[in-house]
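Have the sequence and the model open side by side.

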Amino acid sequence: MNRLSRYEFKRRVLSAFFPNICPFCGRVIDAREYYCAECPDLLPWVRKSLPAPENITRLYACCWYSGIARSAVHMMKFDCLIYPAEAFGIFMSEKLKDVSADALVPVPSSLLSVEKRGFSPVDVIAKQISMRLDIPVLKALEADFDKPEQKTLSRESRVRNAKSCFHISKRADVVGKRLLLIDDVSTTGSTLSALADILLENGAKEVQASVFAQVTGGIRRSDKPAKYKIR
Ligand SMILES: [Zn+2]
């Protein structure tokens with residue numbers, strides 16, 4: 001029995017006590033399902049390639065942050081429910097099935113928010129992708145604080161401010177690795193840029209990124225030349 005089969009077996013056992021629910025419409029679904037048959041047709045899919053934030057070779061986004069995609073993210077973040085994160089991981093795996101990477105690096109949450117929520121949503125997403133694509137998870141980054149609110153700051157200040165919230169994990173070896181950052185939602189891409197900067201400074205060969213939802217019109221690139229040559 002592989003990792004995914006073991007995970008799904010446990011999930012089916014648990015569904016006898018806690019029925020599975022579609023994270024997008026709230027319908028009760030079969031023990032083997034992660035979402036209902038109708039909702040994928042209603043999701044606001046991203047159907048074009050998006051500009052990648054600085055320091056990132058390529059950004060893969062499943063949905064726009066609107067409609068039922070947005071309400072499912074809210075359920076995960078504010079109602080502290082795990083099952084939306086499982087569904088996001090499945091959709092992201094589909095999008096990433098032809099992507100090659102040495103490791104998945106989840107965007108970390110602060111210890112405070114993990115304690116408050118009881119789990120890290122991005123870790124749940126990364127685990128789903130890891131089981132489905134057979135790419136290991138590397139917890140290369142740690143958060144001192146949560147992602148800052150920084151709507152009023154300039155692009156450069158946002159990246160600098162985001163960078164000050166994270167550090168490289170002492171135990172992580174990223175040298176020469178092609179890494180894929182995993183996050184739930186990207187707004188301007190400043191956090192992804194800042195984290196890629198930390199990974200590249202510590203010797204990573206390349207950083208790509210994948211998010212479940214992208215805020216419409218959010219990605220803004222600097223006019224300054226890129227700090228790293230994209231390989
Ligand atoms: Zn549904």
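Strands, labelled E, are DSSP runs of at least two residues, and helices, labelled H or I, are runs of at least four; both are numbered from the N terminus. The model is a predicted one.

How enclosed is Ala209, buried or exposed? A residue is buried if 20 or more other C-beta atoms lie within 10 Å of its own. Ala209 has 27 other C-beta atoms within 10 Å, so it is buried. Leaving out residues up to four places away in sequence, Ala209 touches Ile56, Leu59, Leu180, Leu181 and Leu192. Thr188 lies 21 residues from Ala209 along the chain, and their C-alpha atoms are separated by 13 Å.

Now widen the view to the strand. E6 covers residues 206–214. Of its 9 residues, 9 are buried, so the strand is largely enclosed by the rest of the structure.

Which strands pair with E6? One is E1, residues 59–64, which pairs with E6 in the parallel sense over 5 bridges. Within that pairing, Leu59 has Ala209 as its bridge partner in E6. Another is E5, residues 178–186, joined to E6 by 8 bridges. E5 and E6 also run parallel. There, Asp183 has Val211 as its bridge partner in E6. The chain gets from E5 to E6 through helix H8, residues 190–201, and this β-α-β crossover is right-handed.

E5 has a further partner. Strand E2, residues 103–106, runs parallel to E5, and 4 bridges join them. Val105 stands opposite Leu181 in E5.

Next, the core. The largest nonpolar core holds 57 residues. Those with the most contacts inside it are Val105, Leu179, Leu181, Ile182, Phe212 and Ala213. The largest share of this core comes from helix H4, residues 83–95, with 6 residues. Take Phe212 as a case. Setting aside neighbours within four places in sequence, Phe212 is in contact with Cys62, Cys63, Phe88, Phe91, Met92, Ile125, Asp184 and Val185.

The buried residues of H3 are Ala69, Ala72, Val73 and Met76. Why do these four fall on the same side of H3? They cover an arc of only 100° around the axis, which puts them there. The general rule is that an α-helix has 3.6 residues a turn, so residues three or four places apart point the same way. The face of H3 turned away from the buried side carries the exposed residues His74 and Phe78. The buried residues of H3 are covered by elements including E1, H4, H6, E5 and E6.

What does the backbone do just after H3? Cys80 takes a positive phi of about 55° there. Cys80 is not a glycine. Its place is the loop between H3 and H4. A residue with 12 or fewer C-beta neighbours counts as exposed. Cys80 has 12 other C-beta atoms within 10 Å, so it is exposed.

In H6, the buried residues are Pro121, Val122, Ile125, Ala126, Lys127, Gln128, Ile129 and Ser130. These buried residues pack against H3, H4, E2, E5 and E6.

Just after H6, Asp134 takes a positive phi of about 55°, although Asp134 is not a glycine. Asp134 lies in the loop between H6 and strand E3, residues 141–143. Is Asp134 buried or exposed? With 10 C-beta neighbours inside 10 Å, Asp134 counts as exposed.

To close, return to the strand where the walk began. E6 pairs with E1 over 5 bridges and is joined to E5 by 8. E6 is also among the elements that cover the buried residues of H3, and the buried residues of H6 pack against E6 as well.

Methods
Residues are numbered from 1 along each chain as its sequence is written. This is a predicted model: local features need pLDDT of at least 70, side-chain atom pairs count only at pLDDT 80 or more; totals for chains, interfaces and linings use all residues. A nonpolar core is a set of buried Ala, Val, Leu, Ile, Met, Phe, Trp, Tyr and Cys residues joined through C-beta atoms within 7 Å. Two residues are in contact if their C-beta atoms, placed from the backbone, lie within 7 Å. Two strands pair if DSSP finds at least two bridges between them. A crossover is right-handed if, with the strands pointing away from the viewer, the path from the first strand over the helix to the second runs clockwise. The arc is that of the directions from the helix axis to the C-beta atoms.
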